Amino acid sequence: MQQLLNTLLTGLTLGMVYAAFALALVLIWRSTRIINFAQAPMAMITTYVALTVIDADYSYWVGFTAALLSGLVLGAAIERLVIRPVEGKPHINAVILTLGLFIVIHAVAALLFGSRYRSFPAPFGVRGFQVGEVNVALTGFGIFTIGSVVVVMLLLVALFRGTDLGLMMRAAAFNQEVARLLGVRVGRMFTLGWALAALVGSLSGLLIAGGSLVHPSYMDSAVVFGFVAAVLGGLDSPVGAVVGGLVLGVSLSFVSGYVGSELVALAALGILMVVLLLRPGGLFSHATPRRV
Amino acid sequence: MRIPARPTGTTGEGRFELSDVGVSFGGVVALSEVSLEVAPRQVLGVIGPNGAGKTTLFNVACGFVTPDRGTIRWRGVTLRRLRPHQLAGLGIARTLQAMGLFDRMSVLDNVMVGADRHAATGFGSALLALPRSARDERRLRDRAMAVLDELGAASYAGRLPPSLPYAMRKRVSLARALVSNPDLLLLDEPASGLSQGEMAEFGSVLRGLTERMAVLLVEHHMDLVLSVCDEIAVLDFGRLIARGAPDDVRSDPAVLAAYLGVEVREGAASPGGREDNSARSA
């Protein structure tokens, strides 16, 4: 029973991180139809920004804020300087550019910060609670992880559902041409979308790094699991991304806990294949009419 | 009928003018030397057989297509490199034949997007969610509800567009254009798919709008065009072949020839009925 509970708690914490990363992918996909393969190295480099700030004797929270802000700026800059010039061209052009960015950002990070493993602090404890005789695998940092992702999601929901700006962003994502006719500055909305996605990606980078080791490739597996989570939920659905992340996190935690940790990547692939076979659009996809 | 010269003594104030506009797509001439003007509170209908250049004319008017030649003037100012997102700010609104409603946004949200021209707060305030931004949003919401109410669609405000009857979706599309309170409304085949009763209702709505704005109407349904337009311009193969009052246009030999494909004696037939334009519209 204790193992079941702990496996579930570990899975939920992990799932929240996948959910954040998947959300970052979905934010970009639904507005531009681009899978941003550079999301992982973008998050990685902002984590290094946080580490640099923390190493300069500033608090964790200053580093945390610096990472999120640098993510915001990096996302906006990449959209304006790299993605915008290929707007209107086939989407594959932009996707290939994000793959190029993946390589470039890795190389830049290795040059600037070195390739060695470095420890990254956590603001809260990384040891589980003791309840009587039972060890509960929910840590202070785990609670922070779940809480921060929930807060970011609620803020995004408030932005998209409750503000005029969110309305414009949704309109731009659903139909660029019509949105433009109605006076929406679609390009500006896309820049903001990339910036917000990069911010959420940065958060996932910080959460994965907390109490662990970072190096230029430490986020690479996140892009695989985040992508699986996004596809699982439906690439068009932010809610789907969150649910997909949680389902994947819990599933992989059970595979790791009950079957074997070496099978985690294989299990992720299996889940992806099953979903693509049974529900190609993902769990939260909207039905689209078949073209005849 | 001769195409009337531009009225003399006007300053162009409040007018929408296309002068000698020409558009070609890879050697195919879509528009050639087309000059039109829409006066304030005038309804100008643009008709023509399929392929006459009506849609291209509309796309030029709203900035989707940049003309190879000619000028576009609005309120006496020449519009250069007009971009679609600038249209609303200039007081021009356009509906689309396919409506282009955002299917996964409520009717009210759809209309609110159109109201954004009247947002008093800027991008920064909205991004920072300042209190004035929230006040602004409430104001836009009220404005959107008022327009929906005016068009008899307020009770559908919370619904998604795909769940609405077709005629009601047309009204929502119109509401989204009207909520920006435009001075010029470009209507692209607004009556397509409507029944005779719905079209008559739409005609009365349209006539009510002319108190407030000019309308450029592209429409296949001649009954509607003849009943609501002050003037009609006729395009054929990208050229303006006639322009004038509805009664003059319907008996114009060049118009009859364009619609029926043959020379017709003046007064022998009318292009007014839908059965008459089947020769080129099919």
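Mentor: Chain B is divided into domain 1 (12–91 + 183–282) and domain 2 (101–181), with bounds from an automatic or database domain assignment. This is a predicted model, where local features need pLDDT of at least 70 and side-chain atom pairs count only at pLDDT 80 or more, while totals for chains, interfaces and linings use all residues. Residues are numbered from 1 along each chain as its sequence is written, chains are lettered from A and ligands numbered from 1 in the order written, and side-chain values use heavy atoms, without hydrogens and water.

Trainee: What makes E150(B) and R212(B) a salt bridge?
Mentor: The term asks for a side-chain nitrogen of Lys or Arg within 4 Å of a carboxyl oxygen of Asp or Glu. In E150(B) and R212(B) the closest N and O atoms are 2.5 Å apart, so the pair qualifies. Across the interface of the two domains of chain B, the rule finds two salt bridges.

Trainee: Which element gives the largest share of the domain 1 side that touches domain 2 in chain B?
Mentor: That is α6(B), with five residues; helices here are DSSP runs (H or I, at least four residues).

Trainee: Why is T95(B) called buried?
Mentor: Buried means under 20% relative accessible area (1.4 Å probe, protein chains only; exposed is over 50%, partly exposed in between). T95(B) has 6% relative accessibility, so the label buried applies. T95(B) lies in the loop between β6 (92–94) and α2 (107–114) of chain B, strands being DSSP runs of E, at least two residues.
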